[in-house]
Amino acid sequence: MIPHADDALRMLSQRLMTQLLPDLKSLYSLSDGALIGLLINAIADETAEGIQRRLDDIAEMKRIFIAGEALLSSKDKEVTGAELSSYRLTDVNDHHDALTRILVLLHEASENKGFEALNQSIWAYLRRHTQRHKITAVP
Amino acid sequence: MIKAGETGLITTDQVQIAAAEYLGEKWGTSVTVCNVEKIFGGASRETYKLSLEVDGETRGVILRRDPPSSLIDTERHLEYGAYDRIYPTDIPVPEPLFLENSPDFLEQPFSIMAAVENPMSDVAQLSNDQKQKIGQQKYDLLGRLAAKDPLALKFDEIMTVPKVVSTAAEQLAYWQGIINEDEIHPQPIAQAAIRWLAANLPPPAQKISIVHGDYRTGNFLFNDQAQITAILDWEMCHLGDPLEDLAWSLDPLWSGEELALAGRLIPHGQAIQIWCEASGLSCNEQALKWWRIFVSVKAVAIWISSSENFENGEGKDAILAMAGWVMTDRQNRILLDYLAPEVLS
């Protein structure tokens, strides 16, 4: 059997919140447990979609870097041109972070040097990025 | 002396024993701790409600113990000092009783305050009339706090007095430093906000005021008559521009789905008007906009800091993870709404 990790986490969270928590006597434990249950739900979503969300970010950032090539140093270009070493979450995160650091610099450069269209495209990316990563499992 | 477990946490039984010994020594009489209840949500300190019997009478106290890690890296003497100085004024706060800096009793420093009777803090179930009544008091009290002279209340003995011309820039530098130090992942939205704030500093503060630092719905108590009975959580108290507290209280994060209502209570315009009348200060639109963006950056810094604590193992409370992840997510979307080019142009 190949376990569906996200579904398993959601079921465990449901069991925690509906069957185990009601038996707790302390209000503190009840509140803490409920928060943990909500977080497990958010982690379930991240387990299912997290890598794809980051890959979508990476693809979009790479398009922005092509548009802003004139503002990138050769060292930056080495990073932006690098390929993902694996699809493990840690590697995807590291690559995503490295590109985001360059995006921050590029964003600042676009402001300082009047690259209006590039600046707008970075803002638009940030909007899509936050929408993509919006946590819906927690009210 | 109480020994905490490997996690640095103690049990309510340990608090019961240590508190009875400590308070008995302080008051010079026998103190029985009848009940200890840990209160959820005190992310910056472990918070316990104790029911006591002292000389045949029952009373309640709140004990706040420094945890190994917290949401806000604050110094307890500043928080206690703020309670101590505000308590004699017309701003309601719990009576501060003892500040214990020694780890001899509970392995961490702690403070003890009188408990407020029949406390309520959740505004969700209130009627519209009750919300109106509490909202008016909330902003009247904040205005009155802003009007106070921090030097007359001797706040200069416990905290730095900034200059009106530089307080905004100093606050920005401080919280920028926290983000740069604690961020686990790069923060492109917060960094864009910081650049905007640095390039658009507000006019000098109208005065240097006592800034509560976390003035929001949830950080005050009220009774069943819809009367605010205590303003809590002064751990981020500092001196600075009074618009900071007003801006923090208006942040959409505290409004839930009711974005038109300040802290889910009264409309923003009404809140600002009450604040102006009570403080005798004006509310420059551009300056308030600067402080509203600033407080969102400050919030991101706090959420990031809690996330860092959770990730590095200093703290394992679920609320640290919740703040570091879920609230950073929400705060980033708030910042985007402020910073989108069509809004700023």
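Tutor: Two residues are in contact if their C-beta atoms, placed from the backbone, lie within 7 Å. This is a predicted model, in which local features need pLDDT of at least 70 and side-chain atom pairs count only at pLDDT 80 or more, while totals for chains, interfaces and linings use all residues. Residues are numbered from 1 along each chain as its sequence is written, and chains are lettered from A and ligands numbered from 1 in the order in which they are written.

Student: How many residues of domain 2 of chain B are in contact with domain 1 of chain B?

Tutor: The domain assignment, which is automatic or comes from a database, divides chain B into domain 1 (12–114) and domain 2 (128–344). Their C-alpha centres lie 26 Å apart. On the side of domain 1, 24 residues take part, and on the side of domain 2 the number is 27.

Student: Which radius of gyration does chain B have?

Tutor: The radius is taken over C-alpha atoms, and the globule rule is 2.2 Å times the number of residues to the power 0.38. For 345 residues, a compact globule would come out near 20 Å, and chain B agrees with this because its own value is 20 Å.

Student: Which residue is the bridge partner of Leu52(B) in strand 3 of chain B?

Tutor: Helices (H or I, at least four residues) and strands (E, at least two) are DSSP runs numbered from the N terminus, and two strands pair if DSSP finds at least two bridges between them. Strand 2 (residues 46–54) and strand 3 (residues 57–65) of chain B run antiparallel and are joined by nine bridges. They form a hairpin with two residues between them, and Asp55(B) in the turn has a positive phi of about 50 degrees. Within strand 3 of chain B, Leu52(B) has as its bridge partner Arg59(B).

Student: Which residue of strand 5 of chain B is the bridge partner of Arg65(B)?

Tutor: Strand 3 of chain B also runs antiparallel to strand 5 (residues 110–114) of chain B, with five bridges joining them. The partner of Arg65(B) in strand 5 of chain B is Phe110(B).

Student: Is Asp233(B) buried or exposed?

Tutor: A residue is buried if 20 or more other C-beta atoms, placed from the backbone, lie within 10 Å of its own, exposed if 12 or fewer, and partly exposed in between. Asp233(B) lies in the loop between strand 8 and strand 9 (238–240) of chain B, and has a positive phi of about 55 degrees although it is not a glycine. Because Asp233(B) has 23 C-beta neighbours inside 10 Å, it counts as buried.

Student: How many other C-beta atoms lie within 10 Å of Ala226(B)?

Tutor: Ala226(B) is found in the loop between strand 7 (220–222) and strand 8 (228–231) of chain B, and has a positive phi of about 60 degrees although it is not a glycine. Ala226(B) is partly exposed, because the number of other C-beta atoms within 10 Å is 19.
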